[in-house]
Amino acid sequence: MTERPIVLVAAPDAGLRHSIEFALASGGFRTDSHRYATPAFASAYAHRAVCAVLDDEAVESWIEAPVQFRQFARPIILLVSLFRKVPDFTALTILRKPFLGEPLIMAVRDAVAGAS
């Protein structure tokens with residue numbers, strides 16, 4: 001049996017974080033979840049993660065975000081509120097909130113396939 005891919009998850013809201021975990025688990029992924037992006041990128045699983053799913057509110061500093069995103073060096077899916085303006089980063093997939101489970105799973109699969 002092959003090991004399920006790990007996805008980093010960061011969302012300060014526990015309900016949203018658990019919803020993301022559930023959706024990804026139903027899509028065949030394991031998660032390593034955190035409240036904020038910085039601890040997620042520093043986690044013991046970050047080097048093995050296939051991608052990251054970040055709630056826009058999990059990014060502590062948009063000034064430091066480009067450096068964190070580049071250092072992670074794998075696809076990032078950013079869940080953003082309808083009215084939030086997001087800086088333009090390469091290798092960043094934007095998924096507008098509220099989202100359904102299937103769009104998130106497809107975005108993760110697409111990101112992983114594109115990174116391979």
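These legends go with a handful of close-up views of the structure.

The model is predicted, so to speak from the record: local features need pLDDT of at least 70, side-chain atom pairs count only at pLDDT 80 or more, and totals for chains, interfaces and linings use all residues. Residues are numbered from 1 along each chain as its sequence is written, and side-chain values use heavy atoms, with hydrogens and water left out.

View 1. H1 covers residues 14–26, 13 residues in total, and spans 18 Å from first C-alpha to last, close to the 18 Å expected at 1.5 Å a residue. That expected span is 1.5 Å times one less than the number of residues. Helices here are DSSP runs of H or I with at least four residues, strands are E runs of at least two, and both are numbered from the N terminus. Leu-16, Arg-17, Ile-20, Ala-23 and Leu-24 are the buried residues of H1. Buried means under 20% relative accessible area, exposed means over 50%, and partly exposed is in between (1.4 Å probe, protein chains only). Looking down the axis of H1, the buried residues fall within an arc of 130°, so they line one face of the helix; the arc is taken from the directions between the helix axis and the C-beta atoms. Over on the face turned away from the buried side sit exposed Phe-22 and Ser-26.

**View 2. The two ends of H1.** Just after H1, Gly-28 takes a positive phi of about 95°.

**View 3. A cluster of Phe rings.** Ring pairs join Phe-41, Phe-69 and Phe-72 into a cluster. Rings of Phe, Tyr and Trp (its six-membered ring) pair if their centres lie within 6.5 Å; planes under 30 degrees apart are stacked, over 60 edge-to-face, and the rest tilted. A search of the whole structure turns up two such pairs. Phe-41 and Phe-72 make a tilted pair, 5.0 Å centre to centre with 40° between the planes. Phe-72 counts as buried at 4% relative accessibility.

**View 4. The largest nonpolar core, around Leu-54.** This core has 21 residues, and Phe-41, Leu-54, Phe-69 and Ile-76 have the most contacts inside it. A nonpolar core is a set of buried Ala, Val, Leu, Ile, Met, Phe, Trp, Tyr and Cys residues joined through side-chain atoms within 4.5 Å. Strand S1 (6–10), H2, S3, H3 and S4 each supply at least two of the core residues. Neighbours within four places in sequence aside, Leu-54 contacts residues including Ala-10, Ala-37 and Leu-79, where contact means heavy atoms within 4.5 Å.

**View 5. Ser-43 in its loop.** Ser-43 is in the loop between helix H2 (37–41) and strand S3 (49–55). Its side chain reaches the backbone nitrogen of Tyr-45 at 3.1 Å.

How values were computed:
A polar contact is a pair of N or O atoms within 3.5 Å; within protein, one must be able to donate a hydrogen and the other to accept it, and residues adjacent in sequence count only if both atoms are side-chain atoms.
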